Amino acid sequence: MVDLDALKGIELFLFDMDGTLYLGNTLYSFTVELLSAIKAAGKRYLFMTNNSSRSVEDYIKKLASLGIEAESGDFITSLQATAVYLKKHHKGLKLYVCGTQSLKEELRREGFFVTENLDEVECIVMGFDSELTFKKLEDVSKLLCTRPDILYIATNPDYVCPTEFGSVPDCGSVCDMLFNVCGRRPKVIGKPEAMMPLLAMEMTGYSKEKTAVVGDRIYTDVKSGLNAGVLAVLVMSGETTEKILNKSEDKPDLVLKDAGEIIKYL
């Protein structure tokens, strides 16, 4: 681990959201002060989330309901990273999206053809689907079992999404269920891959040396920071416990009780 003073050199903070700045619909007590302090210090933050169930517009409304003002340029999401990846490597493919209506609409706005006609589908996109039905699972199973070479993408590998009462299944859990059925794993786009931090730095112009990823999960947030070569900061306000931290092979550069501790280093 590095010294806590390393936070003083950070100019761009890439914050995970749920479990880091709020939990479910409850804002952490330090969050407004933290974000205000970063701005007052002349530094920058982006909200970097694996949750693909909401569009950026949805997240702006969500944060507003919690008392945080945000605009579209304040976000880097797994949905955006997925769109960038598909445009770069698989432009023009017809997509079957196992995700929310919001995810489908966002991909359509990005210029993708989204269809439920299985005969047309050229690529499966799995997201965190709070509107999941058995019909969707059956469709994806049919595509994976009958077309073993079809392109198969997941916006994120998270097993759970935190709530006030505990957790609910996220994209990774559904992908594991489909693996048990069809024996295939998807290409993962979001955290822990480096793509989202790298896109954030490209968007803002900050270097790796001045960038930090801050989040509550080792296997997504921390690992994405490590993979991108930036400061990887774990906060113990969400999913990770001391037991999980001690057993993990991937070690964060810094461990904080919560993101509020960053304030004194600004």
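**View 1. E202 sits in helix α7.** Helices (H or I, at least four residues) and strands (E, at least two) are DSSP runs, numbered from the N terminus. This is a predicted model, in which local features need pLDDT of at least 70, side-chain atom pairs count only at pLDDT 80 or more, and totals for chains, interfaces and linings use all residues. Residues are numbered from 1 along each chain as its sequence is written, and side-chain values use heavy atoms, with hydrogens and water left out. Because its relative accessibility is 66%, E202 counts as exposed; the cut-offs are under 20% relative accessible area for buried and over 50% for exposed, with partly exposed in between (1.4 Å probe, protein chains only). If you look for S173 from here, its C-alpha is 31 Å from that of E202, and the two residues are 29 apart in sequence.

**View 2. Here are the buried residues of helix α7, which spans residues 195-204.** They are M196, P197, L199, A200, M201 and T204. The elements that cover them include strands β1, β4, β5 (75-77) and β13, along with helices α3 (78-89) and α8. For comparison, most residues other than glycine have a negative phi.

**View 3. N50 occupies the loop between β4 and α2.** With a relative accessibility of 3%, N50 counts as buried. Its side chain makes a polar contact with the side chain of D158 at 2.7 Å. A polar contact is a pair of N or O atoms within 3.5 Å; within protein, one must be able to donate a hydrogen and the other to accept it, and residues adjacent in sequence count only if both atoms are side-chain atoms. The N50 side chain also reaches the backbone oxygen of K191, at 2.9 Å. Beyond its neighbours within four places in sequence, N50 has contacts (heavy atoms within 4.5 Å) that include S78, T155, M196 and T220. Now follow the chain on from K191: the peptide bond from K191 to P192 is cis, with omega near 25°. Most peptide bonds are trans. P192 itself belongs to the loop between β12 (187-188) and α7.

**View 4. D158, the side-chain partner of N50, is placed in the loop between β9 (151-154) and β10.** D158 counts as buried because its relative accessibility is 5%. Setting aside neighbours within four places in sequence, it touches N50, D170, C171, G172, S173, R217, Y219 and T220.

**View 5. R184 is found in the loop between α6 and β12.** Is R184 buried or exposed? Its relative accessible area is 18%, so R184 is buried. A polar atom of its side chain lies 2.8 Å from the backbone oxygen of I150. Apart from residues within four places in sequence, the contacts of R184 include L144, R147, P148, D149, Y152 and F179. V84 is 100 residues from R184 in sequence and 23 Å away in space, C-alpha to C-alpha.

**View 6. The largest pocket holds about 320 Å³ of space.** D18, N51, F128, C161 and P162 are the closest to its centre among the 25 lining residues. Two or more lining residues come from each of α2, β10 (160-163) and α8 (218-228), and β10 gives the most, with three. A pocket is an open set of points on a 1 Å grid over the protein atoms alone where a 1.4 Å probe fits, with protein on both sides within 12 Å along at least five of seven lines; lining residues have an atom within 4 Å of a point. Points are joined across faces, edges and corners, and a volume is the space filled by probe spheres set on them.

**View 7. The second largest pocket has a volume of about 180 Å³.** Its lining includes A154, N156, P157, Y159, R185, P186 and Y219. Which helix gives the most to this lining? Helix α6 (residues 171-182) does, with three residues.

**View 8. The largest nonpolar core brings together 31 residues.** L7, F13, F15, F47 and I262 touch the most other members. Elements giving two or more residues to this core include β1 (12-15), α1 (31-40), β4 (44-49) and α2 (56-65). A second, separate core has 28 residues, among them L12, L107, I153 and V230. A core is a set of buried Ala, Val, Leu, Ile, Met, Phe, Trp, Tyr and Cys residues joined through side-chain atoms within 4.5 Å.
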